[in-house]
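Please read the report below alongside the sequence and the coordinates of the chain.

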Amino acid sequence: MAPLSGRMFTPGDRANSPKVAILNESAARARIHDGNVLGKHVSFPGQRVTAEYEVIGVVRDARYESLRKAAEPMVYIPIQQALDPISGVMLSIRAHGSTTQVLPAIRQRLQATVPEGFLSDIVTLEQQAEETLLQERLVSILASAFGGLALFLAAIGLYGTMSFSVIARTREIGIRMAVGAQRSALLWLVLRGTLAVVGIGLVLAAPLVVMATGFIRSELFGVSAGDPASLAGAALVLTAVALAAAYRPAWRASRIDPMISLRQD
């Protein structure tokens with residue numbers, strides 16, 4: 001954890017040394033009264049050790065039990081000044097290379113430092129994070145699959161609706177061509193109407209997205225409920241599908257003879 005102020009623990013912070021402690025940001029904010037928490041003292045009522053610990057530093061917040069759970073106020077003390085007897089220790093080691101390459105050196109060093117100790121398990125930080133987010137990953141896979149299916153069905157329905165709407169206007173297009181309308185103007189007329197329909201649909205859908213934000217936020221980690229990229233992507237896909245559905249029949253209608261289009265029912 002990155003230090004923010006003061007100092008970190010040193011080998012000189014032993015059991016018979018003055019008792020010292022380091023606070024995280026949350027704990028420091030809770031104890032700041034005059035703008036500086038360094039040099040203040042903290043105690044742990046009801047514990048085996050009743051002495052006060054001098055605050056020598058402040059570090060950034062860190063999450064422990066869950067990545068979803070916000071950081072809580074924490075007080076760190078040297079291992080030799082622990083409140084209770086220690087039966088086990090968890091070490092965090094920064095190393096280069098794979099775990100299989102580093103593991104023998106860790107076991108050798110542990111055996112030399114603690115002859116009667118043993119190493120129970122070694123996992124990487126990435127593995128711990130993946131295990132914590134396993135449920136979220138499964139939910140995201142299912143949500144992505146159903147979301148893609150929903151977008152596909154919406155695109156098909158929108159394509160069919162817009163195609164039928166434009167085909168139904170073939171007679172109108174023939175009349176406009178008969179009175180001298182340009183093909184480009186007719187195409188723009190149809191596409192403009194299509195964009196208006198799609199725009200109205202997106203505007204009406206926006207409140208529904210806002211209403212669902214609370215539920216969506218509870219199922220996500222590391223992504224905001226109103227992710228602009230996802231929302232913009234879905235809107236662009238539907239808009240492109242609508243324009244494609246409107247352009248092709250409108251282009252065909254503008255290429256046929258006006259008299260033939262006028263005869264169509």
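## Basis of the description

The model is a predicted one, in which local features need pLDDT of at least 70 and side-chain atom pairs count only at pLDDT 80 or more, while totals for chains, interfaces and linings use all residues. Residues are numbered from 1 along each chain as its sequence is written, and side-chain values use heavy atoms, with hydrogens and water left out.

## The chain as a whole

The secondary structure amounts to 9 helices and 5 strands, where helices (H or I, at least four residues) and strands (E, at least two) are DSSP runs numbered from the N terminus. In sequence order the pattern reads β-β-α-β-β-β-α-α-α-α-α-α-α-α.

Of the 265 residues, 21% count as buried; buried means under 20% relative accessible area, exposed over 50%, and partly exposed in between, with a 1.4 Å probe and protein chains only. The accessible surface comes to about 18500 Å², of which 62% belongs to carbon and sulfur atoms, by the Shrake-Rupley method with a 1.4 Å probe. Among contacts (heavy atoms within 4.5 Å) between residues at least 6 apart in sequence, 70% join residues at least 24 apart.

## Strand β4 and its partners

Strand β4, residues 53-59, is mostly covered, with 6 of its 7 residues buried. Two strands are taken to pair if DSSP finds at least two bridges between them. On this basis β4 pairs with β1 (residues 3-6) in the antiparallel sense over 3 bridges, and G6 stands opposite G57 of β4. Strand β3, residues 41-42, is also antiparallel to β4, over 2 bridges, and here V42 has Y53 as its bridge partner.

Strand β2 (residues 20-24), by contrast in direction, runs parallel to β4 and is joined to it by 5 bridges; V20 has E54 of β4 as its bridge partner, and L23 stands opposite V58.

## Strand β2

Besides its pairing with β4, β2 pairs with β5 (residues 75-76) in the antiparallel sense over 2 bridges. L23 has V75 as its bridge partner in β5.

In helix α5, which spans residues 170-178, T170, I173, G174 and M177 are buried. Seen down the axis of α5, these buried residues fall within an arc of 100°, so they line one face of the helix; the arc is that of the directions from the helix axis to the C-beta atoms. After α5 comes G180, with a positive phi near 105°.

Helices α5 and α6 (residues 183-211) pack at an angle of about 145°, with their axes 10 Å apart. The contact is made by E172, I173, R176 and M177 of α5 together with R183, L186, L189 and V190 of α6. Axes are lines fitted to C-alpha atoms, for helices over the stretch in contact, and angles run from 0 to 180 degrees between N-to-C directions.

M1 lies in the segment before β1 and is exposed, with a relative accessible area of 53%. Leaving aside its neighbours within four places in sequence, M1 is in contact with M8, V59, R60, A62, Y64 and Y76. M1 and A62 are 61 residues apart in sequence, and their C-alpha atoms are 7.4 Å apart in space.
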